[in-house]
Every structure is written in structure tokens, then in C-alpha cells.
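Me: I am new to reading models like this. Can you walk me through one?

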Amino acid sequence: MSVRHLLGVRRLDTIQIQELIEVSAEFRRRMKAGEALPQFPGKVAGLLFFEGSTRTRVSFERAAFALGIQVTNFTGQGSSMAKGETLRDTILTLRQELLDTIVVRHPSCGSPQLVADFFRRPVINAGDGEHEHPTQALGDALTILLRKGRIQGLTVAIVGDVMHSRVARSNAWLLSKLGAKVRFVGPNTLLPSNCALLPGEPYFKLSEGLEGADVVMCLRLQKERMAQGLLSSIGEYRRLYQVNERTLRPAAKDVIVMHPGPINRGVELDDATADGPRSVILDQVESAVYTRAAVLFWALGGDPDAVLDGATSVFEEAEA
Ligand code: NCD
């Protein structure tokens with residue numbers, strides 16, 4: 001069996017994506033019913049986070065605990081990397097220390113591939129630069145399915161700083177593979193210059209981008225990745241692109257509003273919408289726990305067929 005890495009969703013096929021979402025939904029059912037998940041006694045996961053994280057790191061830990069996997073955390077700070085050790089030497093060290101899998105977040109696009117090349121055991125990408133954040137997209141798809149009953153045929157508007165967002169890229173690949181129509185909405189300076197290479201249509205006016213949308217996915221303005229001059233002012237961005245009760249009017253009546261967090265409250269999203277009935281932001285946080293459990297299970301060699309035997313499909317349940 002080849003090593004099971006999850007480095008991105010772009011290269012996953014629809015069947016694999018659906019299977020991981022089905023396992024996530026079944027783990028959700030079991031955890032809510034107080035039933036145990038499959039156990040991996042003696043397995044150890046290394047969580048390597050070279051960038052800040054609240055949701056992603058804690059949810060990977062929570063998911064690992066549910067599967068009986070021990071975790072060890074590594075942040076770079078306080079390690080030999082602070083003394084100048086390379087990523088390659090760090091990974092070779094962790095391999096020799098018998099870690100079974102590595103979950104990695106890193107500011108450089110493509111670094112999880114490098115980790116995979118040296119580690120040669122399963123590697124899960126927890127966000128690499130502007131590139132991909134596959135477990136976020138899988139969790140978001142589960143959230144949409146649970147709320148809307150389907151993904152096929154939905155119009156999803158991804159709004160804001162698409163250029164710097166790995167969440168936008170992974171979601172665009174994943175949702176379009178599952179049959180959604182994806183729009184990228186934002187100022188010209190914050191939409192990728194190679195938009196045509198991504199599976200989505202660009203919209204520069206918020207009202208046009210949100211027209212008839214079933215799902216509005218807001219993004220955080222990634223100030224830490226932004227070159228000077230991309231935004232004339234936060235005030236102007238707020239005026240033209242903030243998602244709020246007024247700007248949501250052209251969207252579908254039963255639109256849901258998403259945000260991967262952390263939110264710049266009052267900038268990309270206002271409080272009333274973030275905390276209102278259309279918001280599924282906290283559901284996204286919860287779904288990600290089930291999804292990360294599904295991905296850890298799969299990466300460590302778990303058999304999805306054994307978990308799904310007799311389970312109701314979240315896709316078919318949705319159609320019924
Ligand atoms: C995002 C990330 O780090 O990519 N957060 C997350 O994982 N939920 C989004 C962001 O930082 O804006």
C-alpha cells in the first residue's frame with residue numbers, strides 16, 4: 001500500500017473526497033451517540049505548527065484523542081530550528097523518533113510535500129502558505145451538506161482576500177469537484193491574477209457576486225501575507241465588500257454564511273450576521289473535528305469500507 005498523504009484536494013478524485021466526507025459524517029454520528037471510534041493504540045502523531053492556529057491545532061488534537069492516538073506538539077520556537085536546523089533535518093529527526101504521522105502547517109507553499117519526501121510516513125497538510133488547507137475544505141463540505149442537504153448545483157460565493165487564502169483554493173477545488181458553481185468575489189487586487197486557472201468565476205461587485213448565492217463563504221483579510229498597496233483602506237474594503245444583512249439581500253433566501261475563522265469582526269463580516277441564524281461558523285469548527293478524525297484514520301491505514309458498512313450515506317440522506 002502506498003503511503004497515504006493528504007497534501008491537497010486538487011489532486012484528489014471525487015470518489016476519495018466523498019469517502020472522506022462519508023467517514024466524517026459517520027464519525028460525527030458515533031461521537032454524538034457516545035460510541036467509540038476505531039482505536040490506534042501506540043500510534044503517535046506529531047503536530048508541527050510553524051504558524052499560529054487555534055481551531056486547526058486543537059481539532060487535530062481532539063480528533064487524535066478520539067482515535068486513541070497520542071500527540072506531540074512542535075512549534076519551531078524553542079526547538080533546534082530556532083538554532084538554525086533545516087526543515088529537512090528536523091523531519092529526519094522526527095522520523096527517527098518513531099512518529100507515525102505528521103500534521104504540518106507552514107508559511108511556505110509546498111512544504112508539506114517536502115516533509116512527505118523526507119518523512120516517508122503519512123503527512124497531513126494543515127495549511128501551507130497560500131496554497132491549500134484540505135481538511136478545512138472537507139469539513140466545510142460536511143457543514144454545507146448537513147445544512148443544505150446537497151452540494152451539487154449550489155452556487156457558492158467565496159468573498160474577499162482570495163489571493164492569499166488557502167481556504168479559498170481548497171474549497172474551490174473541492175466544491176467544484178462535487179458539482180457546485182464557485183464564484184470568487186472581491187476587489188481586483190485581492191483576486192488571484194491567475195484566476196482563470198482556478199475553478200471559479202471572478203466577480204468584482206459584491207451585489208453581482210452574491211446574486212442568488214446559496215452559500216456565502218467569507219475570508220479573513222490576510223494582512224500578514226499582503227504586500228503594501230493592495231488595499232487602499234480597510235474602511236473602503238468594508239464599505240464595498242463587507243458581508244452583512246444589507247449586502248446579503250441579493251443572495252438566496254435560505255443562504256448560509258460561512259467563515260473559516262479567525263474573523264476580523266466588523267471588517268469582512270458584521271456581528272449581526274456572524275452571530276445570526278444564517279451563520280454556520282461554529283458548525284464549521286465542529287465539523288472539522290470529525291473530518292480531521294476521518295483523515296487521521298485514513299492516513300494511519302484505517303479501512304473506510306469497514307466504517308461505512310451499514311452507514312447511511314450523507315449524500316443520499318441529503319437527496320431523500
Ligand atoms: C485559516 C487558515 O489558517 O488558513 N484558519 C483556519 O484554519 N480555520 C484561515 C485564516 O487564517 O484566515
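This is a predicted model: local features need pLDDT of at least 70, side-chain atom pairs count only at pLDDT 80 or more; totals for chains, interfaces and linings use all residues.

Me: What span should helix 6 have?
Reply: Helices are DSSP runs of H or I, at least four residues, numbered from the N terminus. The expected span is 1.5 Å times one less than the number of residues. Helix 6 has twelve residues (166–177), so it should span 16 Å; its end C-alpha atoms are 17 Å apart, which agrees.

Me: Is helix 6 mostly covered or uncovered?
Reply: Buried means under 20% relative accessible area (1.4 Å probe, protein chains only). Ten of the twelve residues in helix 6 are buried. Among them are Arg-166, Val-167 and Trp-173.

Me: Which residues surround the ligand?
Reply: A residue counts if one of its heavy atoms lies within 4 Å. The set includes Arg-105, Gln-136, Arg-166 and Val-167.

Me: Which ligand atom is 3.0 Å from the side chain of Arg-105?
Reply: A polar contact is a pair of N or O atoms within 3.5 Å. For Arg-105, the ligand atom is an oxygen. A ligand oxygen is also 2.7 Å from a side-chain N or O atom of Arg-166. Gln-136 has a polar side-chain atom 3.2 Å from a ligand nitrogen. The protein covers 93% of the 320 Å² of accessible area that the ligand has on its own (Shrake-Rupley method, 1.4 Å probe).

Note on methods: Residues are numbered from 1 along each chain as its sequence is written. Side-chain values use heavy atoms; hydrogens and water are left out. Helices (H or I, at least four residues) and strands (E, at least two) are DSSP runs, numbered from the N terminus. Buried means under 20% relative accessible area, exposed over 50%, partly exposed in between (1.4 Å probe, protein chains only). A polar contact is a pair of N or O atoms within 3.5 Å; within protein, one must be able to donate a hydrogen and the other to accept it, and residues adjacent in sequence count only if both atoms are side-chain atoms.
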